[in-house]
Amino acid sequence: MKVSVVITLKKDVLDPQGKVIHQTLHGMGFENINEVRQGKYFEIDTKESDQKKAEKNVEDMCKKLLANLVIEDYKIIGSQ
Amino acid sequence: MNSSVITFPGSNCDRDMDVALKKFGFKNKMVWHDDVELPKSDLVVLPGGFSYGDYLRCGSMASKSKIMKSVLNFAQGGGKVMGICNGFQILVESGLLPGVLLRNKYLQFICKNVFVKVNNKDNSYFKDEKKEIYEFHIAHNEGNYFCSNDQIKEINDNNQIALFYSDESGNVNEDCNPNGSLQNIAGVFNKQKNIIGMMPHPERMIDSALSGEDGSIFFENLINNLR
C-alpha cells in the first residue's frame with residue numbers, strides 16, 4: 001500500500017523560500033497570490049496491506065523522523 | 001582528559017576539532033558513527049559538516065545513527081557533550097537541546113567571522129573565562145535558531161542561552177544577527193548545562209598566524225574546567 005504524506009512548516013514559522021517563490025511568481029506576472037508556503041511530499045510504499053495499520057505506521061514515521069514537530073506539521077493525504 | 005569526536009558521513013570539521021583538542025591537551029579519539037560504544041570520555045564532540053548531505057533536515061539522519069544511542073546515554077548521565085555547527089543541528093534533532101535551526105533568514109550561506117557574547121558562565125564551558133566576547137568563525141546555511149514561545153520562555157527562565165551574536169563591544173541587536181536567529185541566539189545549553197550546541201566554530205580560531213586566538217582561549221579554559 002502506498003501512503004502519501006505532506007509536511008509543511010507550521011503557520012507561525014518563517015518560510016523564506018516560500019517568500020522568495022512568491023516574489024518571483026509575482027515578478028512573472030502572477031499577481032493574485034496571497035502567500036506561498038513550501039513543503040515536502042513523501043510517498044511511502046509499505047508492505048502493509050491494511051490501510052489503517054499502514055497509515056498508523058506512517059504517522060509514527062512522521063513523528064520520529066520525517067517531520068520535526070517543533071516547526072512542521074504532517075498530513076496523510078491518501079493511501080492506495 | 002579524554003575526548004571523542006564523532007565522525008558522521010559528511011562531517012568535515014572532525015579533523016580540525018581533533019587538532020584543536022589535542023593542541024590543548026585532550027587525548028582525543030575519533031569515533032565512527034556506525035560504532036556502538038563510546039570510548040571512555042570526559043567530553044564528546046559532534047563536529048561541523050554536512051552529515052548525510054543535509055538530507056531531509058540538517059542533522060536529522062545523523063541524530064538517528066548507531067553511536068547516538070551511546071551519546072544520548074552519556075549525555076543523560078551528565079556527560080559533557082558539545083555540538084558545533086552541524087553538531088548543534090544534530091543535538092536539536094536528537095532532542096538533547098531545545099529548538100531547531102532553520103534556513104538562514106536571507107537564504108544565503110554565511111561564511112565570516114562574527115562576535116559572540118557569553119551569556120552564562122555558570123557551567124563547565126565558560127566558568128572562569130576571562131573573555132566575555134569572542135571572535136569566532138561561522139559557516140552555515142541553516143543557523144537560524146528558532147523555538148516555540150513556550151520553549152523560549154523555559155530557555156530564558158533556566159538561563160540556557162550560552163552565546164549571543166553581538167558586536168565587538170558586546171551589544172546584542174538585530175544589526176549583528178547574521179542569520180535571523182531568535183533573540184540573537186548563537187548557542188544554547190540543556191537545562192543541566194552539560195550539553196552545549198553552538199553555530200560558531202572555536203576550532204577555527206586556534207592559530208594567530210591563520211585566524212585568531214579566541215578559540216585557543218576557549219579550549220584552554222575548557223580543559224582546565226574539566227580537570
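Trainee: Which residues touch the most other members in the largest nonpolar core?

Mentor: Phe88(B), Leu91(B), Val116(B), Ala186(B), Ile195(B) and Met198(B), out of 66 residues in that core. A nonpolar core here is a set of buried Ala, Val, Leu, Ile, Met, Phe, Trp, Tyr and Cys residues joined through C-beta atoms within 7 Å. Buried means 20 or more other C-beta atoms within 10 Å of the residue's own; exposed means 12 or fewer, partly exposed is in between, and C-beta atoms are placed from the backbone.

Trainee: Which strand gives the most to this core?

Mentor: Strand E9 (residues 161–166) of chain B, with five residues. Strands are DSSP runs of E, at least two residues; helices are runs of H or I, at least four; both are numbered from the N terminus.

Trainee: And what does Ala186(B) touch?

Mentor: Leaving out residues up to four places away in sequence, Ala186(B) touches Val116(B), Leu163(B), Phe164(B), Tyr165(B), Ser181(B), Met198(B), Met199(B) and Pro200(B). Contact means C-beta atoms, placed from the backbone, within 7 Å.

Trainee: What does the second core include?

Mentor: That separate core has eight residues, including Cys62(A), Leu66(A), Ala67(A) and Tyr74(A).

Trainee: Ground rules, please. What kind of model is this?

Mentor: This is a predicted model: local features need pLDDT of at least 70, side-chain atom pairs count only at pLDDT 80 or more, and totals for chains, interfaces and linings use all residues. Residues are numbered from 1 along each chain as its sequence is written, while chains are lettered from A and ligands numbered from 1 in the order in which they are written.

Trainee: What are the confidence scores for chain B and the complex?

Mentor: Chain B has a mean pLDDT of 97, and 100% of its residues reach 70 or more. pLDDT is the predictor's confidence in each residue, from 0 to 100. For the complex, the predictor gives an ipTM of 0.83 and a pTM of 0.94.

Trainee: Now chain A. What is the order of its elements?

Mentor: β-α-β-α-β from the N terminus on. The radius of gyration of chain A, taken over C-alpha atoms, is 16 Å, well over the 12 Å that the globule rule gives for 80 residues, so chain A is more spread out than a compact globule. That rule is 2.2 Å times the number of residues to the power 0.38. The C-alpha trace of chain A spans about 45 × 25 × 15 Å along its principal axes. Of its 80 residues, 12% count as buried.

Trainee: Is Cys85(B) buried or exposed?

Mentor: Buried, with 30 other C-beta atoms within 10 Å. Cys85(B) sits in the loop between E4 and H3 of chain B. Its phi is near 55 degrees, a positive value in a residue other than glycine.

Definitions and conventions. Two residues are in contact if their C-beta atoms, placed from the backbone, lie within 7 Å.
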